[in-house]
Amino acid sequence: MIEVTGKSALTGAGALFGGGTGAAIGTAIFPGAGTAIGYLLGIGYGILSGLKVWKHYTKL
């Protein structure tokens, strides 16, 4: 149960941070559509980063 919660927390935090960062960058490059595209790409990258961190720390 703790493993599932930890993994969910890391991927959720990664998605939130990545989505916000991606939206900000997308807005700076191309307001409107860039915001949406940056948000979606940021969420994907954030989830993958969260999973990578989870795998790294569970190996220790």
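Visitor: Which residues does Thr 11 touch, not counting residues up to four places away in sequence?

Guide: Thr 11 touches Ile 47, Gly 50 and Leu 51, where contact means heavy atoms within 4.5 Å. This is a predicted model, in which local features need pLDDT of at least 70 and side-chain atom pairs count only at pLDDT 80 or more, while totals for chains, interfaces and linings use all residues. Residues are numbered from 1 along each chain as its sequence is written, and side-chain values use heavy atoms, with hydrogens and water left out.

Visitor: Why is Thr 11 called buried?

Guide: Thr 11 has a relative accessible area of 16%. Buried means under 20%, exposed over 50% and partly exposed in between, with a 1.4 Å probe and protein chains only. Thr 11 therefore counts as buried. Thr 11 lies in helix H1.

Visitor: What makes Gly 14 buried or exposed?

Guide: Gly 14, also placed in H1, is at 16% relative accessibility and therefore counts as buried. Leaving aside neighbours within four places in sequence, Gly 14 is in contact with Gly 46 and Ile 47. Thr 35, in contrast, is 18 Å from Gly 14 in space, C-alpha to C-alpha, and 21 residues away in sequence.

Visitor: What do the buried residues of H1 pack against?

Guide: They pack against H2. The buried residues of H1 are Thr 11, Gly 14, Ala 15, Gly 18, Gly 19, Gly 22, Ala 23 and Gly 26.

Visitor: How many helices and strands does the protein chain have?

Guide: The protein chain has two helices and zero strands. Helices (H or I, at least four residues) and strands (E, at least two) are DSSP runs, numbered from the N terminus. H1 covers residues 2-29 and H2 covers residues 33-59.

Visitor: Why does the span of H1 agree with what it should be?

Guide: The expected span is 1.5 Å times one less than the number of residues. For the 28 residues of H1 that gives 40 Å, and the end C-alpha atoms are 40 Å apart, so the two agree. H2 has 27 residues and reaches 40 Å, close to the expected 39 Å.

Visitor: Why is Leu 40 called exposed?

Guide: Leu 40 has a relative accessible area of 59%, so it passes the cut-off for exposed. Leu 40 sits in H2.

Visitor: What makes the nonpolar surface patch of about 270 Å²?

Guide: Leu 10, Val 53 and Tyr 57 make the patch. Leu 10, at 32% relative accessibility, counts as partly exposed.

Visitor: What radius of gyration does the protein chain have, against a compact globule of 60 residues?

Guide: The protein chain has 13 Å, whereas such a globule would be near 10 Å. The radius is taken over C-alpha atoms, and the globule rule is 2.2 Å times the number of residues to the power 0.38. The C-alpha trace spans about 40 × 20 × 10 Å along its principal axes. Of the 60 residues, 23% count as buried.

Note on methods
Patches are made of residues with over 30% relative accessible area and no salt bridge: like charges are joined within 9 Å, nonpolar side chains (Val, Leu, Ile, Met, Phe, Trp, Tyr) within 5 Å. Accessible areas come from the Shrake-Rupley method with a 1.4 Å probe; for residues, only the protein chains shown count as cover. A salt bridge is a side-chain nitrogen of Lys or Arg within 4 Å of a carboxyl oxygen of Asp or Glu.
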